[in-house]
Amino acid sequence: MEEKIKGLRHQAVSEIGAAGSAEDVERLRVKYLGRKGLVNSLFSGLSGVPSDEKPKIGNMLNELKGVVAAALEDAKNKIGGPASSSKIEKLDITMPGIKRPLGHKHPLTQIFDRINEIFLNLGFKIAEGPEIETMYYNFEALNIPPEHPSRDAFDTFYLVGAVHEPPLLLRSQTSTVQIRVMESQKPPLQIIAPGRVYRPDATDASHSFMFHQVEGLMVDKDIKFSDLKGVLTMFAKQMFGEDTKMRFRPHFFPFTEPSAEVDISCVMCKGEGCRSCGQKGWLEILGAGMVHPAVFEAVGYDPKKWTGFAFGMGVERIAMLKFGVDDIRMFFENDLRFLRQF
Amino acid sequence: MKISYNWLREYVDVKNSAKQAAQWLTMAGLEVTSLEEKDKDATLEIEITTNRSDGLSVIGIARELSAITGKRLKFPKVPGMLPAAVRDKQIDVEIEDKLLCPRYTGRVIEGICVGPSPAWLKGHLEAIGVRPINNVVDITNFCLFELGQPMHAFDYDKLIGRAIIVRRAKKGEEIVTIDNVKRPLDNDILIIADQKRPVAVAGVMGGFDTEVSEATKAILLESAYFDPIVVRRARRKLGLSTDSSYRFERGVDFEGVLFGSNRAAKLIAEVCGGKIGVLKDAGVKTIKTNSIRLSVNKVNKILNLALAPLEIKKILVSLGLKVIGAQEALKVELPSFRGDLKREEDLIEEVARIYGYEKIPTTIPKMVGHSERKSRQRRIEETAKDILMAEGLDEVITYSLIDAKEISHINFTGNEGVVAIANPLSSQQEAMRPSLIPGVLNAARFNINRKAEDIRIFELSKVYSKINEKEYEEETNLCVLMSGRTKMGWRQKTETDFFEIKGALEVLFERLGVKDYRFVSAASDIFYPERAANVLVKDVEVGIIGEVKKEVLNNFDIKKEVFLSEIKFQELIKFAVIEKRAASLPKFLPTKRDISLVVEKDVYINDLLGAIKLEGGIILNNAELSDEYFGEQIPPGKRGLTFSLEYLPLDTQFTDEEIENAHSRIKTALVGKFGASIR
């Protein structure tokens with residue numbers, strides 16, 4: 001038996017070593033290692049071997065199988081390898097690679113995603129609300145009284161439909177979501193509300209009758225103005241870069257008190273003053289403030305117990321600054337030459 | 001508001017540059033939006049927020065600058081009472097509605113000489129871009145900008161009767177205003193009338209007939225407080241916004257009514273040489289001053305500061321507020337010129353803005369710790385966008401307000417549910433879209449016109465509908481559009497067809513874990529009926545797909561083939577399974593076999609596959625169409641097909657025989673049921 005094994009090993013190695021084509025190698029594989037091949041037939045002879053020799057012979061057979069397999073592998077590599085490389089056609093490797101088409105997310109979606117990500121990491125959750133709204137949610141609950149000059153900043157589209165008195169409207173700000181969330185949930189709260197808003201403004205390079213905002217609201221037992229500054233500073237540095245400077249200016253919004261407008265150092269000139277920032281060195285990016293007690297009263301929160309801050313920013317404005325786009329209409333024209341840049 | 005820096009410095013002794021002052025004002029909430037320096041003066045354009053009517057005057061801004069810098073405010077010196085020097089000409093004043101006009105003062109000034117203003121007066125007005133007219137009008141304008149109190153001078157001798165009345169206009173009344181425009185009046189508009197006719201629109205503009213001219217010898221000087229809302233209504237109704245209406249709408253200083261009259265009368269007497277006559281002061285003489293209790297602790301808590309009571313007091317006093325007490329609780333009495341201060345928080349803002357927002361620390365609040373941060377729908381929307389993008393589709397965002405005629409252009413049925421806008425700026429904003437299709441078709445046309453050849457776009461956004469007069473619905477739809485060709489560099493360009501857009505949806509469905517979806521031929525108003533299908537998931541219709549018919553494309557001026565699908569995304573995701581579970585991998589390797597056959601063209605692939613799967617039984621792991629071909633070997637009217645089959649043993653290795661048996665069963669069935677010939 002031992003002799004047989006040695007003999008077959010010798011024979012196999014020399015025959016395989018002489019193989020000149022892939023077909024030869026395959027034929028030899030079947031001859032030696034096939035189901036009815038020579039190696040297997042030796043394995044079937046194992047039953048006739050005395051039991052004390054069985055382990056040794058078994059090992060030899062396994063070794064034989066390994067050697068033959070290795071020889072076949074070598075032969076295969078030799079045939080397909082560098083020795084016969086003359087058969088391989090030379091490529092013009094300067095031809096362009098085959099690019100599978102990969103689409104583009106709209107630049108506004110990308111900015112939304114980034115803003116959301118930053119605030120999610122700061123512990124905020126995303127809330128949403130309807131675009132078709134009532135006067136109450138858009139104005140009164142936000143402490144914007146009827147016939148007040150502060151309403152002039154919020155020109156509004158109204159719906160046709162006589163049943164509603166006062167009429168329904170398209171929300172002119174995402175602050176409506178603040179009210180809806182506070183009406184339905186108890187404090188503490190930490191939400192952002194990304195969404196679409198409408199104002200009947202004549203369209204030009206910096207105005208659009210439809211645009212997008214992200215609103216933020218945080219309410220807890222001991223929220224301070226300094227927290228508002230902290231959260232918005234974290235946001236601006238992540239959005240516009242670590243070296244971004246910030247400036248909080250007092251301002252007026254009916255639904256916050258104290259209120260602030262927030263500027264960042266100009267992304268173009270780093271605060272030196274240029275055309276983009278009107279030589280001021282600063283760019284206004286959002287409005288914010290401590291939630292007005294009248295707003296808390298409107299939703300049934302006790303302003304003595306809870307304090308909070310709110311902020312709102314225009315997504316197009318931020319996208320224009322981030323991407324260097326100077327005409328808001330580009331976002332809604334959907335020119336593929338534009339969209340495919342992002 | 002425009003302001004001259006030199007004029008401003010007449011009231012507050014600030015020596016710093018205009019640029020520095022602009023910076024201070026901006027950081028105190030009076031944003032200087034432009035600064036122009038010339039002729040040793042500077043013009044500042046200041047944005048005064050709607051709550052700060054006191055900031056609409058030089059004095060008001062001087063008061064701010066005084067609070068910021070600590071320099072003393074120098075108020076113009078005017079006697080509290082100006083006794084009448086003559087009493088020849090008399091006038092009566094009557095207020096009909098004291099809610100709309102709580103106070104009206106009328107003062108006669110006689111013997112004046114109307115003419116050009118002196119240089120100092122002209123200079124002040126010209127510095128802020130106001131055109132000088134004559135000395136009387138210029139003085140009322142000067143006082144308007146100086147004090148924020150709008151005033152009007154009537155030519156006394158042109159008033160009919162010796163009494164004026166402040167009342168609502170009657171329907172049918174008219175007035176020709178100073179700008180020589182005839183304006184119809186109505187009951188919503190407050191007017192000043194003499195015994196015959198309206199002579200001024202209260203708080204907005206005076207009348208042409210009683211205007212002061214070179215011939216005027218005596219005037220009636222009006223200084224009053226008109227209700228902000230009635231002035232606002234008149235301004236909007238007449239479409240006439242003036243420096244006067246702008247201030248009344250925001251609320252003028254009640255105590256400034258008489259002060260303004262005194263200031264103007266004194267200047268008129270000095271400049272125009274007249275004698276001050278009788279003052280009629282109708283209505284309320286004074287209003288109650290309110291006070292607010294301010295907690296020092298609360299100021300420090302909200303602002304995260306540690307200010308002493310006296311520091312807070314100093315700031316408030318510098319703004320012209322009266323503060324009583326010097327401990328934790330301060331009583332703050334509000335001056336009449338700060339109608340915006342109503343609550344404790346308003347005072348906290350005053351402290352903060354004068355102290356400086358930049359000096360308030362920056363802290364990070366403790367997280368609230370919401371568990372669910374995103375809704376299921378939002379998460380699936382984000383995933384869907386990623387999948388669609390990976391399929392080579394570009395995302396578009398189109399307007400949700402559209403032209404109503406575009407809704408009919410897609411043969412939309414259900415017009416009664418379309419949401420209409422009452423006040424669109426143009427026909428392009430008259431309706432809320434009930435479908436994403438018009439917007440996406442417009443985006444396609446825009447790009448086709450710019451020679452784009454490979455248009456593969458999608459929009460995932462809201463559509464709107466009216467359920468009934470009270471209920472409206474906003475739902476999220478997905479619209480996918482393909483037109484032109486798909487390019488894979490130089491190797492492959494394929495003309496887009498129905499199956500490409502179908503495949504895009506199938507990949508989306510599979511990746512979202514939507515199973516049991518079907519495409520079923522369906523009638524359509526927008527697609528060619530031969531190339532239209534409804535998309536069903538478990539027998540629920542979730543959308544439509546097809547090739548847009550020419551009639552619709554013509555409406556959108558598109559001259560290329562367009563394939564499109566609109567899916568009710570919210571319906572679709574009811575079937576989505578986004579939580580994945582691992583299945584164990586098969587123990588054995590599969591065996592692959594093909595079947596090629598020829599069948600009549602009208603045999604459906606779905607039916608053939610159904611038969612294959614039925615006959616293949618449990619060992620048939622998968623069967624799919626791998627080729628469709630026509631050509632010389634295929635008789636006309638027939639199609640050549642190849643299916644790739646994959647057999648997979650379940651528990652034990654199976655024999656070639658088992659596969660052969662299954663395979664021939666399948667062939668027999670295809671021949672028997674569908675008249676196929678196996679090749």
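This is a predicted model: local features need pLDDT of at least 70, side-chain atom pairs count only at pLDDT 80 or more; totals for chains, interfaces and linings use all residues.
Along its principal axes, the C-alpha trace of chain B spans about 130 × 60 × 50 Å. As for contacts within chain B, take those with a separation of 6 or more: 69% of them link residues 24 or more positions apart.

Now to the nonpolar cores. The largest one holds 241 residues, and Ala202(B) and Ile219(B) touch the most other members. Helix α8 of chain B (residues 256-272) supplies the largest share of this core, eight residues. Another core, of 15 residues, lies apart from it, with Ile612(B), Phe643(B), Leu645(B) and Tyr647(B) among its members. Back to Ile219(B): leaving out residues up to four places away in sequence, Ile219(B) touches Ile109(B), Ile112(B), Val136(B), Ala153(B), Phe154(B), Asp155(B), Tyr156(B) and Val212(B). In soluble globular proteins, nonpolar side chains tend to be buried together.

Then there is the interface, where 70 residues of chain A are in contact with 79 residues of chain B. On the chain A side, the largest share comes from helix α8 of chain A (residues 225-240), which puts in eight residues. Sorted by class, the side of chain A that touches chain B has 38 nonpolar, 15 polar and 17 charged residues.

Key: Residues are numbered from 1 along each chain as its sequence is written. Chains are lettered from A and ligands numbered from 1 in the order in which they are written. Two residues are in contact if their C-beta atoms, placed from the backbone, lie within 7 Å. Helices (H or I, at least four residues) and strands (E, at least two) are DSSP runs, numbered from the N terminus. Ala, Val, Leu, Ile, Met, Phe, Trp, Tyr, Cys and Pro count as nonpolar, Asp, Glu, Lys and Arg as charged, and the others, Gly among them, as polar. A nonpolar core is a set of buried Ala, Val, Leu, Ile, Met, Phe, Trp, Tyr and Cys residues joined through C-beta atoms within 7 Å. A residue is buried if 20 or more other C-beta atoms lie within 10 Å of its own, exposed if 12 or fewer, and partly exposed in between; C-beta atoms are placed from the backbone.
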